[in-house]
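Student: I should like to learn how to read the features of a protein model. May we go through one together, term by term?

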Amino acid sequence: MLCAGLLLAVGSAQAADTPFSPKPVTYGWQGAGNYITGKQLAGVEQHIRSHAPVNAGHNRAFQKALCTVDLAKHSYRETNTKGITEHLAGEALALSATAQQNANPGQMAPLPGTPRLYADHWAKIASLKQAADGKQCAVTQLECAEVALAGAEYETREGYGRHRNHGVAWLKQAEQLLAE
C-alpha cells in the first residue's frame with residue numbers, strides 16, 4: 001500500500017455554520033417532505049472541505065466524512081430516498097466535527113431501517129483498522145470501504161431494480177478498497 005496517494009486537495013472556500021436545513025418540497029412520486037436540495041448538499045461538501053483538519057490525509061473521521069458525502073450525492077440522484085440523503089448529510093457533518101477534534105469516528109452504524117449485512121466484510125475492516133492504527137497508510141481505503149458497505153446494505157435492502165444493482169456495485173467497491 002502506498003501512502004503517497006492518500007492526501008486530498010482540500011478546498012479553501014468558507015461555508016456557513018449551518019450548511020443545510022432540509023426544506024419542505026415535493027420531488028416526483030416521493031411526495032412532500034423535508035428534503036435537502038442539490039445546492040445544500042454541495043454546501044455540506046464545501047463546509048467539510050473548508051474545515052479540513054491539518055492532518056486531513058490521515059484523519060479517519062475526515063476521510064469518512066468525504067466518503068459519506070459522496071454516498072449522499074449518490075442517494076440524492078435516486079427517486080425515492082426515504083430521507084437517507086438527509087441522514088447521510090447530517091452524518092458527514094458530524095464526522096467533520098469529529099475530525100476537528102482528531103477523534104476516532106468508530107464503525108459506521110447501519111443506515112436507518114437497514115439491517116447489518118456482510119458480517120465477514122465488517123470483521124475484516126475492523127481487523128485491518130486494528131493493524132493499521134500505527135501505520136495510517138490505508139485510512140482512506142478503510143473508511144471509504146465502511147461507507148461503501150453501508151451503502152451496499154441500504155441498496156440491497158431496497159432489493160429491486162437498480163437498487164439491487166447499486167447494492168452490488170457498492171459491495172464490489174468495498175471489496176476493492178479492502179483488497180488495496
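**Reading the model**

Tutor: A search of the whole structure finds 1 disulfide, a disulfide being a pair of cysteine sulfur atoms within 2.5 Å. The model is predicted, so local features need pLDDT of at least 70 and side-chain atom pairs count only at pLDDT 80 or more, while totals for chains, interfaces and linings use all residues. Residues are numbered from 1 along each chain as its sequence is written, and side-chain values use heavy atoms, with hydrogens and water left out.

Student: Which residues form the disulfide?

Tutor: Cys-67 and Cys-144 form it, with their sulfur atoms 1.6 Å apart. Cys-67 belongs to helix α2 (residues 60-76) and Cys-144 to helix α5 (residues 139-158), so the pair ties together parts that are 77 residues apart in sequence. Both Cys-67 and Cys-144 are buried. Buried means under 20% relative accessible area, exposed over 50%, and partly exposed in between (1.4 Å probe, protein chains only).

Student: How many helices and strands does the protein have?

Tutor: Helices (H or I, at least four residues) and strands (E, at least two) are DSSP runs, numbered from the N terminus. The protein has 6 helices and 2 strands, in the pattern β-β-α-α-α-α-α-α along the sequence.

Student: What is the pLDDT of the protein on average?

Tutor: pLDDT is the predictor's confidence in each residue, from 0 to 100. The protein averages 76, and 71% of the residues score at least 70. Over residues 1-18, pLDDT stays under 50. Where pLDDT is low, the predicted coordinates should not be read in detail.

Student: How is the length of a helix such as α2 checked, and what span should it have?

Tutor: The expected span of a helix is 1.5 Å times one less than its number of residues. The 17 residues of α2 should therefore span 24 Å, and its end C-alpha atoms are 24 Å apart, which agrees. For helix α1 (residues 38-50), the 13 residues should span 18 Å, and the end C-alpha atoms are likewise 18 Å apart, in agreement.

Student: Is α2 mostly covered or mostly open, and what caps its N-terminal end?

Tutor: α2 is mostly covered, with 14 of its 17 residues buried. Asn-59 caps the N-terminal end of α2, where a side-chain oxygen lies 3.1 Å from the backbone nitrogen of Ala-61.

Student: Lys-64 is found in helix α2. Is Lys-64 buried or exposed?

Tutor: Lys-64 counts as buried because its relative accessibility is 1%. Its side chain makes a polar contact with the side chain of Glu-143 (3.0 Å). A polar contact is a pair of N or O atoms within 3.5 Å; within protein, one must be able to donate a hydrogen and the other to accept it, and residues adjacent in sequence count only if both atoms are side-chain atoms. Contact in general means heavy atoms within 4.5 Å. Leaving aside neighbours within four places in sequence, Lys-64 is in contact with several residues, including Leu-95, Met-108, Lys-129 and Val-147.

Student: Where is Asn-102 found, and what is its phi?

Tutor: Asn-102 is found in the loop between α3 (84-100) and α4 (119-132). Its phi is near 55°, a positive value in a residue other than glycine. Asn-102 is exposed, with a relative accessible area of 53%. Tyr-118 is also placed in the loop between α3 and α4, and Tyr-118 has a positive phi of about 55° although it is not a glycine.
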